[in-house]
Amino acid sequence: MAVIWEENTLYDYLLNPKKYIPGTKMVFPGLKKPQERAYLIAYLKNATA
């Protein structure tokens with residue numbers, strides 16, 4: 001399954017990368033706090049605008 005990276009999918013992925021994409025060897029544990037995920041997404045939107 002291909003992932004369409006939008007704000008909602010990125011938010012879910014950042015919560016738990018290994019659960020969102022099974023089989024990944026990613027060492028990033030995710031961001032558990034909702035506000036931290038929101039801040040990161042806002043930063044990425046601003047940095048890539």
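User: Let's start with charges. How many salt bridges does the count come to?

Analyst: The count comes to one salt bridge in this predicted model. Glu7 and Lys45 make it, with their closest N and O atoms 3.0 Å apart.

User: And which parts of the chain does that pair link?

Analyst: Distant ones. Glu7 sits in helix 1, which covers residues 7–15, and Lys45 belongs to helix 3, residues 34–47. The two are 38 residues apart.

User: Is Glu7 buried, exposed or partly exposed?

Analyst: Its relative accessibility is 44%, so Glu7 falls in the partly exposed class, which lies between the 20% and 50% cut-offs.

User: What about Lys45, what's its relative accessible area?

Analyst: Lys45 comes out at 48%, so that residue is also partly exposed.

User: OK, switching to Thr9. Where is it found?

Analyst: Thr9 is in helix 1.

User: Buried or exposed?

Analyst: Thr9 is buried: the relative accessibility is 18%, and the cut-off for buried is under 20%.

User: What does the side chain of Thr9 reach?

Analyst: The backbone oxygen of Ile4, at 2.9 Å.

User: And which residues does Thr9 touch, not counting those up to four places away in sequence?

Analyst: Val3, Ile4 and Tyr20.

User: Which residues are buried in helix 1?

Analyst: Thr9, Tyr13 and Leu14 are buried there. They span an arc of only 130 degrees around the axis, so they lie on the same side of helix 1.

User: What do the buried residues of helix 1 pack against?

Analyst: Two helices: helix 2, residues 17–20, and helix 3.

User: New topic, Phe28. Where is that one found?

Analyst: Phe28 is in the loop between helix 2 and helix 3.

User: How does Phe28 count at 29% relative accessibility?

Analyst: As partly exposed. Buried would need a value under 20%.

User: Which residues is Phe28 in contact with, leaving aside neighbours within four places in sequence?

Analyst: Leu14 and Pro17. Leu14 is one of the buried residues of helix 1, and Pro17 falls in helix 2, residues 17–20.

User: What separates the C-alpha atoms of Phe28 and Lys18?

Analyst: 8.6 Å, with the two residues ten apart along the chain.

Conventions: Residues numbered from 1 in each chain as written. Predicted model: local features only at pLDDT ≥ 70, side-chain atom pairs only at ≥ 80, totals over all residues. Heavy atoms only, no water. Salt bridge = Lys/Arg side-chain N within 4 Å of Asp/Glu carboxyl O. Helix = DSSP H or I, 4+ residues; strand = E, 2+ residues; numbered from the N terminus. Buried < 20%, exposed > 50% of the residue type's maximum accessible area, 1.4 Å probe, protein only. Polar contact = N/O pair within 3.5 Å; in protein donor to acceptor, adjacent residues only side chain to side chain. Contact = heavy atoms within 4.5 Å. Arc of directions from axis to C-beta.
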